[in-house]
Amino acid sequence: MTGEPRLGDVFGELLRDAYAVHTGIGPRPLVGGRLPRPVIEIIERDDGLVNGAPAAHYLDGPEHWQPYDHRAVDRTRGATLDVGVGGGRIALVLQERGVPVTGLDTSPGALRVSRHRGVRDLVLGTVDEHVADGRRYDTFLLLGNNLGLIEGRERAPAFLAALAALARPGAQVIAHGTDPYGTTDPVHTGYHEWNRQRGRLGGQLRLRLRYRELGTEWFDYLVCSAEELAELVRGTPWRLTDVDDRDAPYYLATLRLAGPGGR
């Protein structure tokens, strides 16, 4: 016993259990041997901050979505790649609308849940790995705060280049982000300053996820302002063409592929 979590598919395991609690299908984590236990995702930050979030929202139907999710789905067109498909909540609605959608995730367990829920086209891997499959898309969705997959200054050019390699002419990225700088909580403002002292963006998180006895490796996840996003996009094949901040501090950013067919 080391006191450290065992590395594993944290997201897949918690989604499997959340789905079992939600539907009664499969073994459910229990409290006191009888009652289903809420499934909580533990998010650990590299400064020692620990937060917990219920996992049930990964399975929410559109009646429980935030307004920006509805607006993002309404802007989707053409062949669509749902990056970080998770439990398939977005992909299922797009399928119902007749949109050709592919769900991409690095979690085998998440893909099993999505498949069981009815998502038809699923791919295991990263955007970089998916380039080799030869598929091309008109829309890329980075919802559920998945703008964070850009990670930071170092990763952004390669991530955006991979999306461009998967893109048809005139393609768009619709990404959900959160401006981290409206808070006055010293736990967060102090972290922002510590990041800047290390040469990182203020909202660049270093995290690991935990569930039961499992943990992930430490990874970067970016929470940035729209102004910072514009800087990260500069010099890439994409252009930031719209920021919808009607639900501030949350926003939807639209990127469009530059060059022929782009704007």
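Which residue forms a salt bridge with E44? The partner is R208, with the closest N and O atoms 2.9 Å apart.

## Basis of the model

The structure is a predicted model, in which local features need pLDDT of at least 70, side-chain atom pairs count only at pLDDT 80 or more, and totals for chains, interfaces and linings use all residues. Residues are numbered from 1 along each chain as its sequence is written, and side-chain values use heavy atoms, with hydrogens and water left out.

Helices (H or I, at least four residues) and strands (E, at least two) are DSSP runs, numbered from the N terminus. A salt bridge is taken as a side-chain nitrogen of Lys or Arg within 4 Å of a carboxyl oxygen of Asp or Glu. Both R208 and E44 are buried; the classes are buried for under 20% relative accessible area, exposed for over 50%, and partly exposed in between (1.4 Å probe, protein chains only). The relative accessibility of R208 is 7%.

Apart from residues up to four places away in sequence, R208 touches E4, P5, I42, I43, E44, T216, E217, W218 and F219, where contact means heavy atoms within 4.5 Å. Its side chain makes a polar contact with the side chain of E4 at 2.9 Å, and there is also a polar contact with the side chain of E44 at 2.9 Å. A polar contact is a pair of N or O atoms within 3.5 Å; within protein, one must be able to donate a hydrogen and the other to accept it, and residues adjacent in sequence count only if both atoms are side-chain atoms. T126 is 82 residues from R208 in sequence and 18 Å from R208 in space, C-alpha to C-alpha.

## Other salt bridges

Side chains of opposite charge can pair when their charged atoms come close. The whole structure holds 22 salt bridges. One of these joins D69 and R89 at 3.3 Å, N to O. D69 belongs to helix α2 (residues 67-74) and R89 to helix α3 (residues 89-96), so this pair ties together parts that are 20 residues apart in sequence. D69 and R89 are both buried.

D220 and R206 form a salt bridge at 3.5 Å, N to O. Because D220 is in strand β13 (residues 219-222) and R206 in strand β11, the pair ties together parts 14 residues apart in sequence. D220 counts as buried at 15% relative accessibility, whereas R206 is partly exposed at 29%. A network of salt bridges links R71, R75, D242, D244, R246 and D247.

## Packing of α1 and α4

Two packed helices are described by the angle between their axes and the distance between the axes. For helix α1 (residues 10-23) and helix α4 (residues 108-117), the angle is about 35° and the axes are 7 Å apart. Axes are lines fitted to C-alpha atoms, for helices over the stretch in contact, and angles run from 0 to 180 degrees between N-to-C directions. On α1 the contact is made by F11, G12, L15, R16 and Y19, and on α4 by G109, A110, V113, H116 and R117. These residues divide into 5 nonpolar, 3 polar and 2 charged. Ala, Val, Leu, Ile, Met, Phe, Trp, Tyr, Cys and Pro count as nonpolar, Asp, Glu, Lys and Arg as charged, and the others, Gly among them, as polar.

Which residues of α4 are buried? They are G109, A110, L111, V113 and S114. Their cover includes α1, β7 (101-105) and β8 (122-124). Just after α4, G118 has a positive phi of about 115°.

## Two loop residues

N146 is in the loop between β9 (137-142) and α6 (156-165) and is buried, with a relative accessible area of 12%. Leaving aside neighbours within four places in sequence, N146 contacts V83, G84, H176 and Y221. A polar atom of the N146 side chain lies 3.3 Å from the backbone oxygen of V83, and the side chains of N146 and Y221 make a polar contact at 2.9 Å.

G48 is in the loop between β4 and β5 (50-54) and is exposed, with a relative accessible area of 53%.
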